[in-house]
Amino acid sequence: MQSWLVTVTQLPTEDPDARMRVLRTLESLGTAVMREGVYVLPDTPENRRALEALSDYIAKSAGIAQVLRVNAASAAQQGSLERLFDRTARYEELIKTVKSLRVGFGHSDPNAISRVLQKQRRDFEAIAALDFFPAEARQRAEQALAKADREVKQLLSSSSQPAAVGPDERFLRRAWATRKPAWADRLACAWLIRRFIDPEAKLAWLEKGEQPPAGALGFAYDGAHFPATAGRVAYEEMLAKLNLGRNPALAKIASIVHFLEIGGVAVPEAAGVQTLLQGALRRSSTLQELLVEAEKTFDLLYDAYYEPPGAKG
């Protein structure tokens with residue numbers, strides 16, 4: 001039978017910050033609460049290392065913690081412990097959310113639906129990472145996500161085609177338009193435009209349903225000249241169509257923006273960039289202030305990644 005790690009704690013009371021840090025760590029590990037101060041996890045090398053490190057931290061914070069390795073006394077007790085880790089309710093809630101996306105088919109922006117679906121995929125991965133005893137609900141959640149993914153891809157492929165970019169298109173001193181809200185992809189595109197494509201660009205941030213100015217080049221919305229697609233964010237579309245992808249620094253930034261918007265292969269720097277952009281959102285009272293803050297972030301990234309020709313070797 002499965003062996004278990006039981007952590008018996010007396011958490012520090014005079015340091016509420018340390019106490020909350022311990023409780024959040026226990027929650028992030030997926031522990032089950034047997035009673036106040038007593039937590040259980042399946043016995044795995046990863047869980048053992050994490051709990052031992054947490055035990056050391058509790059001791060340094062004037063608390064007490066013991067990590068005990070125990071075995072269930074019977075098959076019934078084993079089953080009772082395993083049921084403490086039942087993630088069925090969380091999977092059912094996720095399935096409900098994924099199925100509700102169909103309400104927006106034909107009405108909402110398919111790219112917006114795709115972004116919500118990607119968030120649900122990340123939520124599923126977070127649940128699955130702590131699902132120590134997978135049951136039938138996990139498989140149903142995977143199937144619901146896969147079905148929704150196929151349907152959204154079909155929506156995206158049948159949605160309005162992007163506006164054409166002519167072979168003799170001029171890009172200087174143009175009006176550029178995108179839609180609110182501003183997040184990683186739209187902010188990165190705005191930075192790319194103003195630094196590498198059209199330094200004198202006039203940027204318009206459109207409300208939902210608002211039409212772009214006449215003659216404006218659109219980006220990061222359905223039907224724009226540079227739209228986000230099922231597989232690429234608008235920033236990547238812009239790099240491809242304007243032959244900027246050969247710049248390794250711009251390509252590296254593209255991988256970060258891609259991950260922040262639609263997930264995929266994790267990029268180590270993405271978490272830091274996400275924190276900086278979220279901070280800029282909180283501090284900025286206007287879109288112009290936000291754009292200035294975002295440009296600072298992308299300038300720092302570019303300067304960090306850029307290597308002048310001939311620098312290697």
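**Figure 1. Lining of the second largest pocket in the predicted model.** The second largest pocket is lined by Ala112, Arg115, Val116, Lys119, Arg122, Trp183, Phe259, Leu260, Glu261, Ala270, Ala271 and Gln274; the structure shown is a predicted model. The space within this second largest pocket amounts to about 270 Å³. At least two lining residues come from each of the helices α5 (110–129), α9 (248–262) and α10 (270–283). Helix α5 makes the greatest contribution to the lining of the second largest pocket, supplying five residues. Sorted by class, the lining of this pocket comprises seven nonpolar residues, one polar residue and four charged residues.

**Figure 2. The largest cavity and the residues around it.** One cavity of 30 Å³ or more is found when the whole structure is searched. The largest cavity holds about 40 Å³ of space. Its lining is formed by Asp86, Arg87, Thr88, Tyr91, Asp131, Phe133, Pro134, Ala135, Ala137 and Arg138. Two or more residues of the lining of the largest cavity are given by each of α4 (88–100) and α6 (136–158). Five nonpolar, one polar and four charged residues make up the lining of the largest cavity.

**Figure 3. An open sheet of three strands.** The strands of this open sheet follow the order β6-β5-β7, and their pairing is parallel. The edge positions are taken by β6 (202–206) and β7 (217–218); each has a single partner strand, so one side of each lacks a neighbour in the sheet. Two bridges join strand β5 (residues 175–179) to β7 in the parallel sense. In the contact with β7, Ala177 has Gly218 as its bridge partner.

**Figure 4. Arg90 in helix α4.** Arg90 is located in helix α4, an element that also gives two or more residues to the lining of the largest cavity. Is Arg90 buried, partly exposed or exposed? Arg90 has a relative accessibility of 45% and therefore counts as partly exposed, the value lying between the limits of 20% for buried and 50% for exposed residues.

Conventions
Residues are numbered from 1 along each chain as its sequence is written. This is a predicted model: local features need pLDDT of at least 70, side-chain atom pairs count only at pLDDT 80 or more; totals for chains, interfaces and linings use all residues. Side-chain values use heavy atoms; hydrogens and water are left out. On a 1 Å grid over the protein atoms alone, a cavity is a set of points where a 1.4 Å probe fits but cannot get out, and a pocket is an open set with protein on both sides within 12 Å along at least five of seven lines; lining residues have an atom within 4 Å of a point. Grid points are joined across faces, edges and corners, and a volume is the space filled by probe spheres set on the points. Helices (H or I, at least four residues) and strands (E, at least two) are DSSP runs, numbered from the N terminus. Ala, Val, Leu, Ile, Met, Phe, Trp, Tyr, Cys and Pro count as nonpolar, Asp, Glu, Lys and Arg as charged, and the others, Gly among them, as polar. Two strands pair if DSSP finds at least two bridges between them. Buried means under 20% relative accessible area, exposed over 50%, partly exposed in between (1.4 Å probe, protein chains only).
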